[in-house]
Amino acid sequence: MPPKLLTRLILALVAVAVAVSGAAAARRHPAPANFTASGNPVYIWPLPKNFTSGTQTLAVDPDLALDPKGAGGGAAAVAEAFERYRHLIFSPWAHAARPASAGYDVARLTVVVASADETLELGVDESYTIYIAAAGGANSIVGGATIEANTIYGAIRGLETFSQLCVFNYDTKNVEVRYAPWYIQDEPRFAFRGLMLDTSRHYLPVDVIKQVIDSMSFSKLNVLHWHIIDEQSFPLEIPSYPNLWKGSYSKSERYTVEDARYIVSYAKKRGIHVMAEIDVPGHAESWGNGYPKLWPSLSCTEPLDVSSNFTFEVITGILSDMRKIFPFGLFHLGGDEVYTGCWNLTPHVKQWLDERNMTTKDAYKYFVLKAQEIAIDLNWIPVNWEETFNSFGGSLNPRTVVHNWLGPGVCPKVVAKGLRCIMSNQGVWYLDHLDVPWEQVYTAEPLAGIDDAVQQKLVLGGEVCMWGETADTSDVQQTIWPRAAAAAERMWSQLEAISAQDLETTVLARLHYFRCLLNHRGIAAAPVTNFYARRPPIGPGSCFIQ
């Protein structure tokens, strides 16, 4: 029998055995949806699509070995991810404390990956299946743990779930998988599950961005929207126009080309895209610190000078340089909050408008569409904030992705026109709004008001936004977490399953648990039930009830 066929046959038998065992346990111990067979909430975040569980407790060997199989199982990214999760699951002293004669139920993690293709693009298959059962059980064919995925990125998502099933028992000093046997089949509801990070309002060191990327992977978010540049600072090196980063706050608050490439590579190893943004024509005052000709005048420093060919030469140079760094297919061109009044008050710009019989609104459209053309020529799909759609939606390139932020009800209008949409309604998914409680974050639905199945597919997903006016290294993580996790489950898990949960009992208990997990992993996630996000605890207590 060919090896691939044999592997598939064994996995199919394991799946049946684990499912049968879990189903038998469930019949003996009936449990509501989203609970284990023992009646406890499923402490996996985000909630998997389908699963069965049992009533057994399995011990995991601190010398847990990786057994890679399939065309992609031997990929370096899989081995590196396995080692990362081993480090998270086991204490540094676990191996030294391992009794020589100890018997463990799970000594090997088999990871089967069908494809060796490491291309990371929007919509890449992130599905996975997990089987965990004890060797020698009444219904067990193969003991141990298996993750099966079509891609390495599905395997990485499966490793995160496996790590959350592994719990340290302080009495036995063993890592255990409780409520086994487990059978989990999982995949995301939306392809785009984003977190925006603003490094213009406050510079964030590369190590902090890495920590944010790590924390994103724990909740299965998969797009880092890097709002690198804004009116306050221009911290990124642009080789074609080397004076642009004179707009940084200081020489030590900059990102080199190598820094940016490293961040993209670091994120890819965790299955996370990096979508970069330059916000034009507004939010670009910092550009003129290096090239004053980009300002219409010294008293009109934004929007950028729409009348100057040099403006678009610089944009072309920026995007051409950034295309060598950011391989993701989407690029954010901003386009929001463009206050065009000073164009009319600048003589040479006013003359340019008059010669073309254009209003400032016409010039705003001209600028956005010209920037889109530059991006599309570089094989990027343009993303623009919703003001562009609200102002001239019928003129946008049909490939445009509209990014909602001003309020609800925008995505239904966007998809009705055949364009794609990302939801970031500021009333619920702007993390700098510290008075928005986790419940409102959790219940915000990207498909609200969209009933047509074809139009629903045009909603790529959503994004929580960490604007940086009041967030820097000292408080960014506790502002992001745990509320971003609430949105992460909304975007990953099946709508029927999350809607069936009671917010104040099941979901809250699970979110407390996930927040504690983040804390244990070194992520400074704030208490869940703060009236104001990121505020520290108001008194002594367990992380499970704050």
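Trainee: If we number the bonded cysteines of the protein chain in sequence order, what is the pairing?

Mentor: Happy to walk through it with you. Residues are numbered from 1 along each chain as its sequence is written, and side-chain values use heavy atoms, with hydrogens and water left out.

The pLDDT is the predictor's confidence in each residue, from 0 to 100. For the protein chain it averages 92, and 92% of the residues score at least 70. Residues 1-32 have a pLDDT below 50, and this stretch has 42 contacts in the model beyond near neighbours in sequence (a contact means heavy atoms within 4.5 Å). Where pLDDT is low, the predicted coordinates should not be read in detail.

Now to your question. With the bonded cysteines numbered in sequence order, the pairing is 1-2, 3-4, 5-6. A search of the whole structure turns up three disulfides, a disulfide being counted when a pair of cysteine sulfur atoms lies within 2.5 Å.

Let's take the links one at a time. Cys300 is bonded to Cys342, with 1.9 Å between their sulfur atoms. The angle about the S-S bond is 50°, and this link is right-handed. Cys300 sits in the loop between strand E11 (273-277) and helix H6 (309-323), and Cys342 in helix H7 (residues 341-344), so the pair ties together parts that are 42 residues apart in sequence. Helices here are DSSP runs of H or I with at least four residues, strands are E runs of at least two, and both are numbered from the N terminus. Cys300 is buried, at a relative accessible area of 2%, and Cys342 counts as buried too, at 18% relative accessibility. The cut-offs are under 20% relative accessible area for buried, over 50% for exposed, and partly exposed in between, using a 1.4 Å probe and protein chains only.

Next, Cys411 and Cys421 are joined by a disulfide with an S to S distance of 2.1 Å. This link is left-handed, with -70° about the S-S bond. Cys411 belongs to helix H11 (residues 410-416) and Cys421 to strand E15 (residues 420-423), so the bond ties together parts 10 residues apart in sequence. Cys411 and Cys421 are both buried.

That leaves Cys516 and Cys543, whose sulfur atoms are 2.0 Å apart in their disulfide. With 130° about the S-S bond, the link is right-handed. Cys516 lies in helix H18 (residues 503-520), while Cys543 lies in the segment after H18, so this pair ties together parts that are 27 residues apart in sequence. Here again, Cys516 and Cys543 are both buried.

Cys166 counts as buried, at 11% relative accessibility. Cys465 is in no disulfide either, and the nearest cysteine sulfur, that of Cys411, is 12 Å away. With 0% relative accessibility, Cys465 counts as buried.

The structure has 20 of them. In one, the side chains of Arg490 and Glu445 meet at 2.8 Å, N to O. This pair links distant parts of the chain, with Arg490 in helix H16 (residues 483-492) and Glu445 in the loop between helix H13 (438-443) and helix H14 (453-456), 45 residues apart. Arg490 and Glu445 are both buried. There is also a network of salt bridges linking Asp198, Arg201, Asp230 and Glu469.

Key:
Predicted model: local features only at pLDDT ≥ 70, side-chain atom pairs only at ≥ 80, totals over all residues. Salt bridge = Lys/Arg side-chain N within 4 Å of Asp/Glu carboxyl O.
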